[in-house]
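Please look through the sequence and the structure shown below, and keep both in view while reading the report that follows.

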Amino acid sequence: MKRYILFIILGGILLFFSACAKKTTENIKAVSTADPAKAWRKNPPVPAQARDINLGEYSTFDLANGLKVIVVENHKLPRVSYQLSFNTDALVEGDKAGYVSIAGDMVSKGTKNRSKAQIDKEIDFIGANLSTSATGIFGGSLKKHSEKLLEVFTDVLYNPVFPEDEFEKIRKRTLSGLAASKTDPNAIARNIANAVNFGKDHPYGEAQTEESIKNITIDDCKNYYKTYFKPNNAYLVIVGDITPAEAKAQAEKYFSKWEKGEVPVQKYKVPQGPEERKVAFGNKDGAVQSVINITYPVEMKPGNPDAIKVSVMNSILGGGVFSGRLMQNLREKKAYTYGARSNISNDKLIGNFTASASVRNEVTDSSVVEFLYEMERIVREPVTAEDLQLAKNGLAGNFARSLESPQTIANFALNTFRYNLPKDYYNTYLQKLDAVSIADVQMMAAKYVRPDKCNIVVVGNKDNVADRLLRFDSDGKIDFYDPFGRPVVEKKVEVADNITARNVIEDYIAAIGGMKKLQSVQNLRTVRKATIMGQDASFETVQMVPDKYMMKISMMGMTLQEQKYNGTKAMSGQMGQKQVFTEGKEFEGIKSQSVIFDQMEYLKQGYKLELKGIENLDGQDCYKIVVTKPDGDQATEFYSVKTNLLYRALQSQDSPGGPVTVTNEYKNYKEVGGIMFPHTIELSGAMPTPIVMEISEIQINGPVDKSIFDIE
Amino acid sequence: MRYLVLIFLHFFVFEFSQAQLNKIEFREFTLDNGLHVILHRDNSTPIVAVSVMYHVGSKNENPDRTGFAHFFEHLLFEGSENIERGQFDKYVEKAGGTLNANTSFDRTYYFEILPSNQLELGLWLESERMLHAKVDNVGIETQRQVVKEERRQRVDNQPYGTFLEEIIKRAYKVHPYRWPIIGYMEHLDAAQEKDYKNFYADFYVPNNAIVSIAGDIDYEVAEALVRKYFNDIPKGKKPIYRPNIVEPPLGGEVRDTIYDNIQLPGVFMAYRIPEQGTEDFYAVSMLGTLLSQGQSSRLQKALVDEQQKAVAVGNFPLDLEDPGIAIAYCIVSMGTDVKAAEDAITAEIDRVRKEPISEEEFQKLRNQVENDFVSANSRVAGIAESLANYKMYLGDANLINTELQRYLAVTKEDIMRVANKYYTPDNRVVLHYLPKPATP
């Protein structure tokens, strides 16, 4: 009995699964064995006669209240599952995006008869599982416990009370999920793709935001439940160790008293795809990879006569395990990515085409070229008979393997009713698949693959990547979006003609006290306090001209990290382990910390300053300056146009997980000894939660014990 | 009077009607070369799972050449004398099948799931792998890079991804469980072609393997095909190396802090426990269920629901062939002190050590265990693997039908006893995972 399930969230690394090790090396002719008796080994065996694939049976009946029940009998295991699916149309949630999903979650968080804790206890007691969502309720247990399961299942269905404290717990959890998703490039790409494909006034184009989650009230959830949880709007699918007669008795007993009601039907505009190529860009500062989605809406309702042919075409373009052309080209040939795929989804409202990959920054534009090339090629050239056969075999194999689960038969039945498919739709699937021809594939490609009319959604490092994508955009203008798919309005503020990067730095120096004053500083000691994971930490820094430096981070009375530079050697220590450097990147990095006012260095030779324009950060216009240090390291800094003070600085830093961008925000400037110091510094990017450091001590030209700079 | 009521209650509450488990029928035989074969017939879907389990895992490795068992899991897809390089998986894809492999501390497992008329293809591929796989420098070089990428992706770049290797290197001093399954990369770099060839010759032999086939087969046809492809694969020339190393008691708590690229701190506690198949292992396993299976389990309810000190908790034993460990862990919620979260776990464990479990809660455990056992074998691929596991580790494939009895023999007192015996502070390794501090 495996118990690894509980552990999946940690990525279960108890077993290492090889991803069927792929090779890029050339084929080498096998050396044949000398033994002639083993000649039969040289070639793969001929397959035996294939057995017919039989789909399992199902039965169905309706209750008087309109609930349609589907039963799949399968006695392999003494288990039964009950899946209640609502046929609710997707809703436009507007400024409360997310309430439908929270409503579904809330249904199982307490009833008139049971608290959440009681529900959990009773379900666990019989070793069962039960979960609810906006689109249904699922429960499963051993057959002998099925009555008890249905008792709790239907209590949850009929009597939810939506308790306030559980609502707040879910809201909090949703908000922390959203906070994390703001830095997840795939989540950002999904939000932008939905927005550009379907539009914000279509249910598929909406995205949850922090504001929309805060707008949701318990009443919104209650109303959703009251309106849509109706039997005439639902299917009950019963699967497992149960006869149709037993199923019917249970359905009558537990579901016949459920009252029907009118359920609103939604009307939508059908989203139209772009008429040209459009680049939609989402910025992720410091990203080392770009997520590319080439995507557009496609009308492909379930049961569409093209659907099977399209799946074969897509399998050749970007499906299969490793055999798809996108994978072969972008991974095996070009090594731009770990994986590249494409998909055309079926959907009752509107489907979509999406071809996607994550690629390293410098090949972002080249990857788009290859994507478009493969899309054009499958439209232009007929596929080979071999490609076609491989795709068909793969799809037939997937189909056959899926039939092992009785749940698959249940889903087939559900789809047949829900989408009004022909009764034999799934029974004839393999024949239809087999009949797909080379000409069909080409026809499908011409109809559904649109390399000239697509959204090219890219999420990545704007400064490195965005400009190089201009050439793909038909009107030559890239549209920028925020992480939730809302257009970023670029209020272009032009830099006055007579301002240079050097001016900005000089103005900053003047603003904090003037060159003379800064030059008079011989040493500086600061202590900053911060809270890290609920614990107090202190950051002490001492700098002394011309080149001495000491920094110490302490927490719970321990020294967590320290750094020193004594003029010739640099030291970095972490948890008592010390390393001394006399050259290299670490050495230069620590050495540079001995400079008290960096900007005084910027004006010296060897530094390159570029003024990149004005950007609005948190409501204030800032000059964006890129500083290139003599060793080639770059930093991006933002200086307030109004106060000339440094507001934000970004620098890339190595970490075991790859380079990360560390952001320092300087706030709350106050004068000490004639010099303006930011009394609050917010450090983010290096850790998941920003560290807010407040000055607790600051001392200019005070006594300094020089031995603190000593390095053993 | 009191007695009577108790006995009556006992009788009432304890009534335990076991679900009518459908017995899994199978046939077994052993070839002259020592290869053990298990066949399970289920004709309901025309698919078949063909698998080979080799009794070699990371614990069979030379301490200077760690990572070999897992490396072979990659290398043995390179081809054979009769299968060209890169064609192994193509044969399976073209046949409409799928394939994969995995490695543990104790064994390595390969499988294909094919349309049932392609059973012979699966046997041909697996027999080629056992008889004369390509073990040469071309494949070794390619796979070295792939394994390094795998390590970066799955361990180094994965939040908390190092926890298992950080635990085992502190929980074991002499036993080969002390090194990670994926091994040390410098060992793979240092290894020569002949090291790999020797490893192949030592462990990839029929007398160290179990062929397990489940699905749409005919017993006679399947047996004849297995004999055709595997009969004349020669037996290994040497005895198989099986470490006979007894790890001494931990001798006091081991405690450490690991800094990682993570969002939230984590607590990982490993308690040394006996090997799988022992009576105490079953009790320890049920203790794990009590602590963390389901929303109403003790750790889930206390740490996640009520105290909100953690966003996730768990407790599970590693089912190993030699004495192993059980790991209790939690991911600490934002703003909670790590030590407070650790203490909350320990408090729940202490409660098991001191307070008797109620009849009702004990009955819940038994129901959960039964549900898991009964639900486990829903697919032929899983059945093939379970049959091989039971045979390899416990010597009896029929435990797939009967092991539940061993769980149900565990009493509440047993659970309390093993909590006191193994879940003690001086028998554990405690790791705190903290977010890496940044350089300001």
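How far apart do the C-alpha centres of domain 1 of chain B and domain 2 of chain B lie? In this predicted model, the two centres lie 29 Å apart.

## The two domains of chain B

Chain B is divided into domain 1, which covers residues 27-230, and domain 2, which covers residues 254-435. Where these two domains of chain B touch, 31 residues of domain 1 and 29 residues of domain 2 take part in the contact. On the domain 1 side, at least two residues each are supplied by strand S2 (36-41), strand S3 (47-54), strand S5 (108-115), helix H6 (163-171) and strand S6 (209-215) of chain B. Sorted by kind, the residues on this side of domain 1 of chain B comprise 17 nonpolar, eight polar and six charged.

## Nonpolar cores in chain B

In soluble globular proteins, nonpolar side chains tend to be buried together. The largest nonpolar core has 72 residues, and those that touch the most other members are Ala49(B), Phe111(B), Val211(B), Ile213(B), Ala384(B) and Leu387(B). Helix H14 of chain B, residues 380-394, gives the most to this core, with eight residues. Because domain 1 (27-230) and domain 2 (254-435) of chain B both give residues to this core, it lies between them.

A second, separate core of 67 residues includes Ile273(B), Val369(B), Val410(B) and Val430(B).

Helix H4 of chain B, residues 119-132, has 14 residues and reaches 20 Å from its first C-alpha to its last, which is close to the 20 Å expected at 1.5 Å a residue. Helix H4 of chain B is also mostly covered, since 13 of its 14 residues are buried.

Tyr282(B) belongs to helix H10 of chain B, which runs over residues 279-292. Is Tyr282(B) buried or exposed? Tyr282(B) counts as buried because it has 25 C-beta neighbours inside 10 Å, and the cut-off for a buried residue is 20 or more. Apart from neighbours within four places in sequence, Tyr282(B) is in contact with Arg406(B), Tyr407(B) and Val410(B), and Val410(B) is included in the second core described above. Tyr282(B) and Ile415(B) are 133 residues apart in sequence, yet their C-alpha atoms are 9.1 Å apart in space.

## Chain A as a whole

Chain A has 712 residues, of which 36% count as buried, and its secondary structure comes to 20 helices and 26 strands. Taken along the principal axes, the C-alpha atoms of chain A fill a box of roughly 95 × 75 × 60 Å. Among the contacts in chain A with a separation of 6 or more, 68% are between residues 24 or more positions apart.

The domain assignment of chain A gives domain 1 (59-184 + 193-255), domain 2 (278-481) and domain 3 (501-709). The centres of domain 1 and domain 3 of chain A, taken over C-alpha atoms, are separated by 52 Å. The mean pLDDT of chain A is 87, and 91% of its residues reach 70 or more. Over residues 1-34 of chain A, however, the pLDDT is below 50, although this stretch has 73 contacts in the model beyond near neighbours in sequence.

## Backbone details in chain A

Most residues other than glycine have a negative phi, and most peptide bonds are trans. Against that background, Phe162(A) has a positive phi, near 55°, and lies in the loop between helix H3 (146-158) and helix H4 (164-181) of chain A. Phe162(A) counts as partly exposed because it has 18 C-beta neighbours inside 10 Å. Asn420(A) likewise has a positive phi, near 55°, and is found in the loop between helix H13 (406-418) and helix H14 (429-435) of chain A. Asn420(A) is exposed, with 11 other C-beta atoms within 10 Å.

A cis peptide bond, with omega about 0°, joins Val545(A) and Pro546(A). Pro546(A) lies in the loop between strand S15 (535-544) and strand S16 (548-555) of chain A.

Key. Residues are numbered from 1 along each chain as its sequence is written. Chains are lettered from A and ligands numbered from 1 in the order in which they are written. This is a predicted model: local features need pLDDT of at least 70, side-chain atom pairs count only at pLDDT 80 or more; totals for chains, interfaces and linings use all residues. Domain bounds come from an automatic or database domain assignment. Two residues are in contact if their C-beta atoms, placed from the backbone, lie within 7 Å. Helices (H or I, at least four residues) and strands (E, at least two) are DSSP runs, numbered from the N terminus. Ala, Val, Leu, Ile, Met, Phe, Trp, Tyr, Cys and Pro count as nonpolar, Asp, Glu, Lys and Arg as charged, and the others, Gly among them, as polar. The expected span of a helix is 1.5 Å times one less than its number of residues. A residue is buried if 20 or more other C-beta atoms lie within 10 Å of its own, exposed if 12 or fewer, and partly exposed in between; C-beta atoms are placed from the backbone. pLDDT is the predictor's confidence in each residue, from 0 to 100. A nonpolar core is a set of buried Ala, Val, Leu, Ile, Met, Phe, Trp, Tyr and Cys residues joined through C-beta atoms within 7 Å.
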